[in-house]
Amino acid sequence: MPTKMIDDSTNTTPLPLSKFRHLDHDEVHIGSNEFILVETVGRKRKVSVKEKVDSFYPWAERKFKSICTVKNITRRLPFLQWMKTYNSEDAIGDLVAGVTVGLTVIPQSLAYANIAGLPAEYGLYGSFLGALMYIFLGSCKDVPMGPTAICSILTFQTLHGLGAEYGILLCFLSGVIQFIMGIVGLGIIIDFVSGPVSSGFTSAVAILIVSSQIKDLIGITAVGSTFIEIWSSIIKDISNIQLWDTVAGIVCIIILIGMRHMAEFRIGVEGNETPTQRFINKAIWLVATSRNCFLVIVSAVIGYYLYEDGQSPVKLIGAIPPGLPSVQLPPFSVQRGNETIGFLEMCSELGSGIIVLPIIALLENIAVCKAFANGKATDATQELIAIGLCNIGNSFVQSFPGSGSLSRSAVNNSSGVRTPLGGLYTGVLVIIALLFFTPCFFFIPKTSLAAVIIAAVVFMVEVRVVKPIWRSKKSDLIPGVVTFIACLVLRLEIGILIGIGLNLVSILYHAARPKISMEIKTSRAGVEYLLLTPDRCLIFPSVDYVSGLVTKHSIKQGIPVVIDCSHIYGADFTAAKVVEVLTKDFSRRRQPLFFFNLKSSIVSIFEGVQPKDFVVYYNENDLDNLLLNYKTQRDSIKMISGKMVR
């Protein structure tokens with residue numbers, strides 16, 4: 001069939017709605033209705049309270065049985081799957097990885113507590129119980145549960161100096177919210193955070209964390225929760241910069257970055273190394289991977305020798321309470337002076353962080369799972385349940401919120417972890433550190449911990465994603481850049497909400513402006529018609545735009561119009577009302593309007609408003625017959641009009 005393309009770039013104004021008109025019985029409706037579901041409307045019998053109560057028990061029994069199936073239990077307790085095939089090779093891989101991650105998590109936890117604005121021991125408190133619980137609940141072998149840079153900075157911004165009790169309560173509430181989200185299946189919420197927004201947020205967090213550590217790196221005092229506030233405070237106190245802290249901090253950063261690159265160094269030809277070369281390569285890799293631990297140990301030794309008569313040229317962490325934390329309920333009230341602050345008032349003071357932090361922690365955890373999933377699907381619901389219960393457990397041992405750490409997950413993966421059981425050795429190592437080595441932590445310089453954090457998070461700035469986004473779709477940079485700037489200038493939760501809001505606006509805009517291909521075609525009977533093909537569903541933001549285009553081009557061409565509905569998978573009442581107006585206008589102009597391949601469920605929606613001359617067909621033969629009838633009627637009218645003129 002010959003085709004002729006026409007321009008469809010012009011927008012038109014919406015059509016006015018008019019009064020309803022019922023479908024006449026003698027009007028022709030061509031098309032199949034055999035799959036249209038018709039609900040019989042009748043008077044419903046009133047159900048008594050006793051019947052409702054009696055019906056509840058069978059429903060609850062069926063629900064309980066569906067939950068307690070072997071498949072569902074295995075899905076919610078993932079360790080039941082991998083324990084069946086666990087062997088000695090898995091045990092060795094988990095042992096090596098768990099110890100390696102443990103050597104990384106101890107110095108990082110001390111530093112993350114500093115980011116959160118809490119004493120150093122609270123970082124260690126959050127690094128063992130959650131790691132042990134994740135063994136049974138986690139679905140990703142590479143995730144080591146514990147404090148993270150993002151959760152720490154969000155905790156700092158949420159607490160704004162309220163104290164450790166609020167941090168523990170925040171951990172409990174975050175866990176409860178995550179667990180509830182997992183139970184009701186709200187893991188889908190992460191789908192509303194696009195890649196550019198996530199990159200913008202992560203990059204802003206990295207810069208914010210680096211900025212927050214500058215004060216300890218150079219030995220001054222600074223406060224603030226946003227990028228501008230932090231740097232304004234640093235500039236005000238820059239005159240008190242400490243020479244030894246600054247020199248030590250810069251040297252530590254250089255060493256850490258150098259050791260990071262040392263992990264890539266190999267001797268010999270890969271795959272053909274001698275046993276000696278293989279041993280040396282593994283030793284170099286282990287030292288480079290455990291660089292944070294080695295640096296902190298060396299720094300603590302130097303700090304010990306520099307400490308004399310209660311004085312040190314560099315600022316030290318100070319005393320850390322020895323032993324494990326006491327297991328107790330999270331504080332649901334606190335004493336402030338002579339006033340008792342209740343639970344609701346504490347929640348009010350924590351503000352929006354109670355909601356934002358659990359969602360961001362989930363986003364971080366899912367990003368880790370996807371990074372090491374090797375193409376497998378990630379169960380966001382199970383991860384919500386896992387990190388939710390881990391945070392609830394951590395709150396009973398005096399911890400602040402945590403999640404899966406990307407940097408420690410990379411160490412875990414490269415160390416050859418086989419199952420989540422690697423978290424056992426990490427947790428045990430942290431427990432040993434709390435029981436026996438806390439007196440040694442006194443001498444760790446604060447500047448070395450700041451260097452550990454800066455050297456780790458500076459690589460979180462995702463500059464590398466800008467070029468691919470620019471090449472693929474430049475407009476996607478807008479939400480990413482706006483999120484990045486908003487998270488630096490404003491509080492992090494406001495910045496991420498702005499980014500998500502831009503994503504939603506973009507989605508709504510595309511929903512309101514579907515693409516419509518238009519072409520003039522000729523049937524086998526020689527009748528020209530205008531074929532319009534929308535590329536998505538018809539819902540209230542888009543129907544006026546679509547009807548305007550249909551009206552404009554139908555009047556312009558003056559030929560039958562066919563709307564190909566193959567891509568229309570949904571519609572609503574507003575769309576039905578617009579279709580009613582559209583069919584009535586076409587009928588008044590005596591211009592045919594046909595709907596091709598309209599799904600039966602949508603037909604029933606449109607027929608609910610009883611549109612005039614609503615014609616649906618499902619194959620080309622029907623269309624040929626419809627157009628032929630139209631041509632015959634038109635020729636007959638012309639013939640009668642010609643005779644009347646004579």
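This is a predicted model: local features need pLDDT of at least 70, side-chain atom pairs count only at pLDDT 80 or more; totals for chains, interfaces and linings use all residues.
Trainee: Which residues of helix α10 (residues 227-236) are buried?

Mentor: Helices (DSSP runs of H or I, at least four residues) and strands (runs of E, at least two) are numbered from the N terminus. Buried means under 20% relative accessible area, exposed over 50%, and partly exposed in between (1.4 Å probe, protein chains only). In α10, the buried residues are I230, S233 and I234.

Trainee: Against which helix do the buried residues of α10 pack?

Mentor: Packing is judged by contact, meaning heavy atoms within 4.5 Å. The partner of the buried residues of α10 is the helix at 195-218, α9.

Trainee: At what angle do helix α8 (residues 164-183) and α14 pack?

Mentor: Axes are lines fitted to C-alpha atoms, for helices over the stretch in contact, and angles run from 0 to 180 degrees between N-to-C directions. The axes of α8 and α14 are 11 Å apart, and the angle is about 90 degrees.

Trainee: Is that roughly parallel or roughly perpendicular?

Mentor: Angles under 35 degrees count as roughly parallel, over 145 as roughly antiparallel, 65 to 115 as roughly perpendicular and the rest as oblique. The relation of α8 to α14 is therefore roughly perpendicular.

Trainee: How many residues of the contact of α8 with α14 are charged?

Mentor: From α8 come Y166, L169, L170 and L173, and from α14 come F343, M346, C347, E349 and L350. Ala, Val, Leu, Ile, Met, Phe, Trp, Tyr, Cys and Pro count as nonpolar, Asp, Glu, Lys and Arg as charged, and the others, Gly among them, as polar. Eight of the contact residues are nonpolar, none is polar, and the number charged is one.

Trainee: Which residue forms a salt bridge with E349?

Mentor: A salt bridge has a side-chain nitrogen of Lys or Arg within 4 Å of a carboxyl oxygen of Asp or Glu. E349 is partly exposed at 23% relative accessible area. Its partner, at 3.3 Å from N to O, is R336.

Trainee: How many residues apart in sequence are the parts tied together by R524 and D624?

Mentor: The side chains of R524 and D624 form a salt bridge at 2.4 Å, N to O. R524 sits in the loop between β6 (516-522) and β7 (528-534), and D624 in helix α26 (residues 620-645), so the parts are apart by 100 residues.

Trainee: In which helix do K577 and E580 lie?

Mentor: These two side chains meet in a salt bridge of 2.6 Å, N to O, and both residues are buried. They are three residues apart, about one turn of their helix, α24.

Trainee: What is the phi of N597?

Mentor: Most residues other than glycine have a negative phi. N597, in the loop between β9 (593-596) and α25 (600-607), has a positive phi, near 60 degrees.

Terms used:
Residues are numbered from 1 along each chain as its sequence is written. Side-chain values use heavy atoms; hydrogens and water are left out.
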